[in-house]
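Here is a short briefing for a reader new to this structure. Look over the sequence and the model, then read on.

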Amino acid sequence: MKKLLRIAAASSFGLCFAGGFWIFCLAAAHWDQPDAAPIAALGLIVMGMAVFAGSMIWWAAEKLCSRNNGKCERNPSSPI
C-alpha cells in the first residue's frame, strides 16, 4: 500500500506539474492576447498545486504506512 501511495504521489505531481506548465507555455506563446496574464497565472497555480498535492500524498504514505513493513494501518488515536 505504501508503494501504491508513493506512485500516486509521483504521478499526481508529474501530471499536475506538466498540465500547469503546458497552460503557462500556452499563455506565454500568445502573450499579445488580452487574457494571457490570467491564463499564465492559472498555469502557475496548477504547478503550485502539483507541489502541494504530491507532497501531501507522499507525507500521508509515510505517516500512515510507517509501521508493519509498509502495510497501512490507521491509528485510532491519530487525527488523520
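A contact means heavy atoms within 4.5 Å. By that rule, Ser12 touches Ala53, Gly54 and Ile57, not counting residues up to four places away in sequence. This is a predicted model: local features need pLDDT of at least 70, side-chain atom pairs count only at pLDDT 80 or more, and totals for chains, interfaces and linings use all residues. Residues are numbered from 1 along each chain as its sequence is written, and side-chain values use heavy atoms, with hydrogens and water left out.

**Overall make-up**

- The protein has 2 helices and 0 strands. Both kinds of element are DSSP runs numbered from the N terminus: helices are H or I with at least four residues, strands are E with at least two.
- Of the 80 residues, 21% count as buried. Buried means under 20% relative accessible area, exposed means over 50%, and partly exposed lies in between (1.4 Å probe, protein chains only).
- The accessible surface comes to about 5,700 Å². Carbon and sulfur atoms hold 71% of that surface. Such areas come from the Shrake-Rupley method with a 1.4 Å probe; for residues, only the protein chains shown count as cover.
- Take the contacts between residues at least 6 apart in sequence: 59% of them join residues at least 24 apart.

**Helix α2 and its cover**

- Helix α2 runs over residues 36–64, which is 29 residues. At 1.5 Å a residue it should span 42 Å, and its end C-alpha atoms are 42 Å apart, which agrees. The expected span is 1.5 Å times one less than the number of residues.
- The buried residues of α2 are Ala36, Ala40, Gly43, Val46, Met47, Ala50, Gly54 and Ala61.
- What covers these buried residues includes α1 (2–29).

**Ser12**

- Ser12 sits in helix α1.
- Its relative accessibility is 18%, so Ser12 counts as buried.
- One of the residues that Ser12 touches is Gly54, itself among the buried residues of α2.

**The salt bridge**

- The structure holds 1 salt bridge. The term means a side-chain nitrogen of Lys or Arg within 4 Å of a carboxyl oxygen of Asp or Glu.
- Arg6 pairs with Glu62, and the closest N and O atoms are 2.6 Å apart. Arg6 lies in helix α1 and Glu62 in helix α2, so the pair ties together parts that are 56 residues apart in sequence.
- Arg6 has 31% relative accessibility and therefore counts as partly exposed. Glu62, at 28%, also counts as partly exposed.

**Phenylalanines and the nonpolar patch**

- There is 1 aromatic pair. The rings of Phe13 and Phe17 have centres 5.6 Å apart and planes at 25°, so the pair is stacked. Rings of Phe, Tyr and Trp (its six-membered ring) pair if their centres lie within 6.5 Å; planes under 30 degrees apart count as stacked, over 60 as edge-to-face and the rest as tilted.
- Phe13 and Phe17 are 4 residues apart in helix α1, which means about one helical turn separates them.
- An α-helix has 3.6 residues a turn, so residues three or four places apart point the same way.
- Phe13 is partly exposed at 37% relative accessibility. Phe17 is partly exposed at 34%.
- Phe13, Phe17, Phe21 and Val51 form a nonpolar patch on the surface, with about 360 Å² of accessible area together. Patches are made of residues with over 30% relative accessible area and no salt bridge; like charges are joined within 9 Å, and nonpolar side chains (Val, Leu, Ile, Met, Phe, Trp, Tyr) within 5 Å.
- Helix α1 gives the largest share of the patch, 3 residues.
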